[in-house]
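Trainee: I would like to go through this model with you and check the labels one by one.
Mentor: Good. Bring up the structure and ask away.

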Amino acid sequence: MQSKNPSDSACIMTDLVLPGETNPLNNLFGGELLARMDRAASIAARRHSRRIVVTASVNHVAFNRAVPLGSVVTVEAKVSRTFRTSMEIFIDVWIEDRESGTKSKANEAIYTFVAVDETGIPVAVPTVEPQTELEKERFEAALRRKQLSLVLAGKMKPSDATELKALFM
Ligand SMILES: CC(=O)SCCNC(=O)CCNC(=O)[C@H](O)C(C)(C)COP(=O)(O)OP(=O)(O)OC[C@H]1O[C@@H](n2cnc3c(N)ncnc32)[C@H](O)[C@@H]1OP(=O)(O)O
């Protein structure tokens, strides 16, 4: 299977924050942002694998900044690393200043998707070749994050998490 670049499958979705999508403080509701990120990430995973993909895990979400009503929000999802059947997707969320048009980072998240066949059985995906410094950094740290996610899900024994153990030794 031929390796792909993260930019080959990147998904960039830009949309407004409307009144039905906000909390009592008139900021974007967290669940709405999670759904937008899930959609963008699933498109990137599907483009990369050209398969049916399912969300296996939400590994990390940081709601660092509130996103006010009326904001123009850009959700950018890229494959950061692949394993046999799973893909780690990194999502950056940006808000656009109305007057200057400058984009500033509001939030980020990391999701894991698995490619499956028509019966839901996991299938192999192409590898990814990071190109930029940021893509390389994210690629390098992804195995650690995968092991942490598997340990937290009870799917890996902490004693088998070699990359995690290496952090503390
Ligand atoms: C329930 C919902 O509605 S959630 C929203 C939509 N998502 C879904 O419906 C997915 C439901 N879940 C599933 O279908 C299955 O659990 C699957 C396909 C995600 C995984 O199936 P499993 O039988 O666990 O398969 P398997 O053990 O082979 O794991 C497949 C891959 O997922 C990875 N994986 C599974 N769980 C996790 C996790 N919590 N974190 C990180 N990776 C994980 C495995 O490490 C493996 O990766 P690899 O092949 O790249 O090494």
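**Labels and the values behind them**

Mentor: Start with Tyr-111, which is buried at a relative accessible area of 2%. Keep in mind that this is a predicted model.

Trainee: Why is Tyr-111 called buried?
Mentor: Buried means under 20% relative accessible area. Tyr-111 has 2%, so the label holds.

Trainee: What makes Phe-113 count as buried?
Mentor: The same cut-off of under 20% applies. Phe-113 has 1% relative accessibility, so it counts as buried.

Trainee: How many aromatic pairs does the structure hold?
Mentor: It holds one aromatic pair. Tyr-111 and Phe-113 form that pair.

Trainee: Why is the pair of Tyr-111 and Phe-113 called stacked?
Mentor: A pair of aromatic rings is described by the distance of the centres and the angle of the planes. Centres must lie within 6.5 Å, and planes under 30 degrees apart count as stacked. Here the centres are 6.4 Å apart and the planes make 15°. Both values pass, so the pair is stacked.

Trainee: Thr-112 is in strand β5, residues 103-116. Is Thr-112 buried or exposed?
Mentor: Thr-112 has 16% relative accessibility. That is under 20%, so Thr-112 counts as buried.

Trainee: What does Thr-112 touch, beyond residues up to four places away in sequence?
Mentor: Its contacts are Val-54, Thr-55, Ala-56, Ser-57, Asn-59, Ser-86 and Met-87. As for Arg-144, 32 residues away in sequence, its C-alpha is 13 Å from that of Thr-112.

Trainee: Now strand β3, where Val-75 sits. What makes Val-75 buried?
Mentor: Its relative accessible area is 2%. The limit is under 20%, so Val-75 is buried. Leaving aside neighbours within four places, its contacts include Cys-11, Met-37, Ala-40 and Ile-91.

Trainee: Where is Asn-26, and what is its phi?
Mentor: Asn-26 lies in the loop between β1 (11-16) and α2 (30-49). Its phi is positive, about 65°, although Asn-26 is not a glycine. Most residues other than glycine have a negative phi.

Trainee: Where is Arg-50, and what makes it exposed?
Mentor: Arg-50 is in the loop between α2 and β2 (52-62). Exposed means over 50%. Arg-50 has 63%, so it is exposed. Arg-50 also has a positive phi, about 55°, and is not a glycine.

Trainee: Step back to the whole protein. Which pattern does it follow along the sequence?
Mentor: The pattern is α-β-α-β-β-β-β-α-α. That comes to four helices and five strands.

Trainee: How do you know that the protein is as compact as a globular protein of its length?
Mentor: Its radius of gyration is 17 Å. The globule rule gives 15 Å for 169 residues.

Trainee: How much of the protein is buried?
Mentor: Buried residues make up 40% of the 169 residues.

Technical notes
Residues numbered from 1 in each chain as written. Predicted model: local features only at pLDDT ≥ 70, side-chain atom pairs only at ≥ 80, totals over all residues. Heavy atoms only, no water. Helix = DSSP H or I, 4+ residues; strand = E, 2+ residues; numbered from the N terminus. Rg over C-alpha atoms; globule rule 2.2 N^0.38 Å. Buried < 20%, exposed > 50% of the residue type's maximum accessible area, 1.4 Å probe, protein only. Phe/Tyr/Trp six-rings, centres within 6.5 Å; stacked < 30°, edge-to-face > 60°. Contact = heavy atoms within 4.5 Å.
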